[in-house]
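Please describe how the secondary-structure elements of this model are arranged, with the cut-offs behind each term.

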Amino acid sequence: MADFPRSLRDAVITRDDPEYARARAVWNGVIDRYPLAVVRCRSVDDVRLAVEIARRHRWPLAVRGGGHSVAGHGTVDDGLVLDLARLTGLEFDPDRRLVTAGGGATWGQVDAATQAAGLAVPGGVFSRTGIAGLTLGGGYGWIRNRYGLSCASLVRAEMVTADSEAVTASATENPELLWALRGSGGNVGVVTSFTYRAHPVGPRAYFLFVFHDARAGRATRGLRLFRDFCRAAPDEVSTLAFLGRVPDAGEGFAAGTAGWPFVGFAGLYVGDPGEGASLLSPLREFSRDPLADASGVTDYVDVQQVFDADYPDGGRYYWKSVNLETLDEETIDLLAEAGRSAPSDLSTIDLWHNAGAATGPVDGALSSHAAFMINPEANWVTAADDPANIHWVRELVAALTPKSDGSRYLNFAGFQEEGEDAVRATFRDDYVRLARIKARWDPENCFRLNQNVHPAA
């Protein structure tokens, strides 16, 4: 395109380029958009130029880190996509317990570096997830209750603002930007590198990963056990429960169990693996003959990859969330029934337990989270099944919402169809502060393809 300077042209993929179909694709197959161009940024200067061009032409601007946004924030129709996948440089200082990674890096890359020294940054539960989107939206992972969400370990960021300026956000330089980056979803700029505080984890750890038969009322009994376990669990353990059905060819499941409902438990213990095995044994031993059991002492990097095969590129996904303080009997019954009625055998309802550092105060935009984050995730294969799967999630979320304060984990917010209402309900009193910061750094709302906060008037 003639509008791009010579220094950038070989990084630009346009609609007549043979690479265009591949360049425009994102992880979620439901998202099918056609940008004017994709800029494969190789440097901070590339990012600055691309932002300047988008602003000059008033093109919608999408920023793509790992490209795994369920809502499809990493692409846009008739606009410009900034693809950061080539910005993956990584520097690790084990003595200071600091790791700096480019805005296109994945958690798998960060884990591989830090685990060599027995350290980890709180990341996600899918190794190919980009660090950028997960961190900016909060960041749930296997060590959240001990060390908090990903955004809480962010100590510095290099970023490009809406006026194409390269700036630093830290405790001493532009601290209001660092505060906003901790959970506000990318509203204030393009982060080209993240610096995190790493924490002692592994490299060997006890990991619970078990599926139990949920027929004959065992789903409700399993969720009651999970609720009661969480009440007394120490912060060293981070767990989740999940409901679903055994898929056809489900690896590791006994023959003849396809279609059976299950209640499963997963959790990681930060500390002595033997202590973890003993602590988590009530969940593992819920039934004498589990449908599948992969629990045991393993490498932390393997734990981080346990779900990788479940979420292939091009699959169809629609995930939402509801924050709840308690799991009462009515809620448990509702979840058990919804788990049995999902249109797809690939779908689950996940119950994330939050305690300790995951619910404590964060010097950032992300407010403290409730004791349980309920995440119905619809996963399916064919476009013809889109309506049924999306309806299943929305119906369950609507039924749970009266029991919630209305907040969401904004990385799991469907297609963010509730717009500003959900964002305001999530940030609550901090929304006003965010809107003021937005007005200072992005008054024209250039960065709006996200969990958007409108600039204050």
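The report below takes up a sheet and then a pair of helices.

## Basis of the values

This is a predicted model, in which local features need pLDDT of at least 70 and side-chain atom pairs count only at pLDDT 80 or more, whereas totals for chains, interfaces and linings use all residues. Residues are numbered from 1 along each chain as its sequence is written, and side-chain values use heavy atoms, with hydrogens and water left out.

## The sheet

Five strands form an open, antiparallel sheet in the order S5-S6-S10-S8-S9 (strands are DSSP runs of E with at least two residues, helices are runs of H or I with at least four, and both are numbered from the N terminus; two strands pair if DSSP finds at least two bridges between them). Strand S5 (90-93) and strand S9 (166-170) are the edge strands, each pairing on one side only. Neighbouring strands are turned against each other by 10 degrees on average, direction ignored.

Six bridges link strand S8 (residues 154-160) to strand S10 (residues 190-197) in the antiparallel sense, and Leu154 has Tyr196 in S10 as its bridge partner. Helix H4 (residues 107-114) packs on the sheet and touches S5, strand S6 (98-102) and S10, where contact means heavy atoms within 4.5 Å.

## The helix pair

Helix H11 (residues 329-341) packs with helix H12 (residues 386-400) at an angle of about 175 degrees, their axes being 11 Å apart (axes are lines fitted to C-alpha atoms, for helices over the stretch in contact, and angles run from 0 to 180 degrees between N-to-C directions). H11 and H12 are therefore roughly antiparallel to each other, a term for angles over 145 degrees.

Residues of H11 in this contact include Leu334 and Ala338, while those of H12 include Trp392 and Leu396.

Key
Angles under 35 degrees count as roughly parallel, over 145 as roughly antiparallel, 65 to 115 as roughly perpendicular and the rest as oblique.
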